[in-house]
Amino acid sequence: MNLTDAQAEWRDWLKSERRLAVHTLTAYEHDVATFLQFIAVYLGAPPTLEALSKLKPAEFRAWLAERARNGMARTSTARAFSSVRSFFRFLDKRGMAHNAAIGAIQTPKLPRSLPKALSEADMGDLLDSGPDRERAAWLDLRDHAVLVLLYGAGLRIGEALGLDKGTVDGLLGGGQDVLSITGKGSKTRLVPLLPQAVDAVRAYRDACPFMAAMGTRDLFFVGQRGSPLDPAIIQKRVRDIRRNLGLPESVTPHALRHSFATHLLGAGGDLRTIQELLGHASLSTTQ
């Protein structure tokens with residue numbers, strides 16, 4: 001088999017087995033094609049399967065360096081390298097070519113991007129967004145309660161969805177306004193709740209049809225059929241709201257937590273206190 005046939009088989013595999021979207025498939029093909037063009041120039045001859053199996057780390061690094069010199073974004077190069085690595089893995093699994101050198105190359109490091117905080121006005125619009133009329137009302141109360149906890153208490157989505165019924169019953173039944181949250185590294189922190197957050201949680205509890213049958217250790221937030229709530233449901237809800245409001249794609253569940261911290265700081269909050277509320281181990285993370 002020659003290289004052209006191998007590329008065709010790889011493309012068919014991506015399409016039928018991986019079921020990649022058309023634009024993603026096109027991007028993969030383009031990335032590998034530009035890599036092979038570079039290798040052809042670098043080696044001084046069109047590459048073959050045998051030649052690909054003999055490439056050393058220096059050749060892969062030369063390709064990455066060439067992209068950097070041409071001003072290619074690191075995100076673009078990281079994606080291109082992922083495409084090329086996928087192609088080489090395919091060749092290896094099909095017994096067409098084996099190259100261990102590519103495994104010695106690290107994926108280009110990407111700059112860490114912080115979620116952008118919403119303005120207070122946009123945050124208000126998001127929380128006040130209308131219900132989804134195509135589903136039961138208690139589901140809207142559930143989603144609203146989660147979003148209020150993310151913004152009003154600065155919880156991570158995993159922390160909010162990890163609350164058990166016993167913890168919430170203790171909050172609502174004892175007239176408390178503080179939640180004990182176990183975050184990353186099993187570290188526990190106390191998070192004060194605004195009355196609006198307590199009211200939102202209570203409204204969901206009273207409306208949820210599965211609540212009466214739940215034990216104290218069962219997760220408080222559940223899906224439409226009573227199973228633990230999948231974070232993807234909340235992520236989708238935020239996507240739907242941001243589209244309806246014309247908000248940017250940077251508006252995600254985690255951006256609500258970021259907005260919590262940003263708005264507190266803007267209102268004169270102490271950075272150390274915000275660090276404690278967020279459950280950050282390092283002040284630099286909060287900064």
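In the predicted model, helix 7 and helix 11 pack with their axes 11 Å apart and at an angle of about 90 degrees. Helix 7 is therefore roughly perpendicular to helix 11, given that angles of 65 to 115 degrees are assigned to this class. On the helix 7 side, the contact is formed by Asp140, Arg142, Asp143, Val146 and Leu147. These residues meet Ile233, Ile234, Arg237, Val238 and Ile241 in helix 11.

Helix 11 comprises the 15 residues 231-245. The buried residues of helix 11 are Ile234, Arg237, Val238, Ile241 and Arg242. The packing partners of the buried residues are helix 7 (137-152), together with helix 6 (120-127), helix 8 (157-161) and helix 12 (253-266). Arg243 and Asn244 are exposed and are carried on the face of helix 11 turned away from its buried side.

Both ends of helix 11 were also examined. At the N-terminal end, helix 11 is capped by aspartate 230, a side-chain oxygen of which lies 2.9 Å from the backbone nitrogen of alanine 232. At the other end, helix 11 is followed by glycine 246, which has a positive phi, near 70 degrees.

Conventions. Residues numbered from 1 in each chain as written. Predicted model: local features only at pLDDT ≥ 70, side-chain atom pairs only at ≥ 80, totals over all residues. Heavy atoms only, no water. Helix = DSSP H or I, 4+ residues; strand = E, 2+ residues; numbered from the N terminus. Expected span 1.5 Å × (residues − 1). Buried < 20%, exposed > 50% of the residue type's maximum accessible area, 1.4 Å probe, protein only. Contact = heavy atoms within 4.5 Å. Polar contact = N/O pair within 3.5 Å; in protein donor to acceptor, adjacent residues only side chain to side chain. Axes fitted to C-alpha atoms, helices over the stretch in contact; angles between N-to-C directions. Parallel < 35°, antiparallel > 145°, perpendicular 65-115°, else oblique.
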